[in-house]
Amino acid sequence: MINFLMKNEICDYTLKTNFNKIEIKEYIDNYYDRVKFHELCKKCDKYGTLWSCPPYSFNVDDYIKNYKYAYIIGTKIILDDKLIKETKKEDVIDCTYKILNEVRKRLEKMILELENKYANSLSLYAGSCLNCNVCTRTVNKPCIQPETMRYSLESLGFDVSKTAFKLLNIELKWAKDSLPEYFTLVNAFFTNTEIED
Ligand code: SF4
């Protein structure tokens, strides 16, 4: 496992990222339950309204078996005490989305660049697609930005809480009446070759 810290100069948080590698076969055997997570996705209001979310028209089992290794990338967004204390209950949800979306976009740009470096690789994002205000799936039209649209681990059926806990040593925390001490984003990078550096 590798750790590094990145201090955000503009906003009141610090990013702490770590990585771990697992073979896809082992990852599927121990962290994958497509039926269970598909049922949970059905309860979300985004279900069937984004091309990045289920239901999918392709076979997910075959799709993930195209790869040999999963590099799990965990990013802890550690919030400053002042931000936590000063954010009012009614602003918690807005603040959460603002921070998560800002960090997600930065991470997604970086992880997509890795796809250019490693042939037959795939980026997986830490949530559903953020590209458009309204997804073209709502009007039954094809995705308009397939070059940057990617799926998430949970949407394919992987257990992200267990992944974070067992592979990254991170317990996920969520905002409730106040902001949590930290948020966690779990991205992944699937490859057919090992990454040396
Ligand atoms: S890029 Fe746009 S059209 Fe494609 S999945 Fe994302 S929101 Fe939908």
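A: A residue is buried if 20 or more other C-beta atoms, placed from the backbone, lie within 10 Å of its own; it is exposed if 12 or fewer do, and partly exposed in between. This is a predicted model, in which local features need pLDDT of at least 70 and side-chain atom pairs pLDDT 80 or more, while totals for chains, interfaces and linings use all residues. Residues are numbered from 1 along each chain as its sequence is written. Of the 197 residues of the chain, 26% are buried.

Q: Which strand is mostly covered?
A: Strands (E, at least two residues) and helices (H or I, at least four) are DSSP runs, numbered from the N terminus. Strand S5, residues 182-191, has nine of its ten residues buried.

Q: How many bridges join S3 to S5, and how many link S4 with S5?
A: Two strands pair if DSSP finds at least two bridges between them. S3 (residues 69-79) runs antiparallel to S5, with ten bridges; here Ile73 faces Asn187. S4 (residues 122-124) is also antiparallel to S5, over three bridges, and Leu122 is opposite Phe190.

Q: Which residues are closest to the ligand?
A: A residue counts as near a molecule if its C-beta atom lies within 6 Å of it. The ligand is surrounded by 13 residues, the closest being Cys129, Asn131, Cys132, Cys135 and Cys143.
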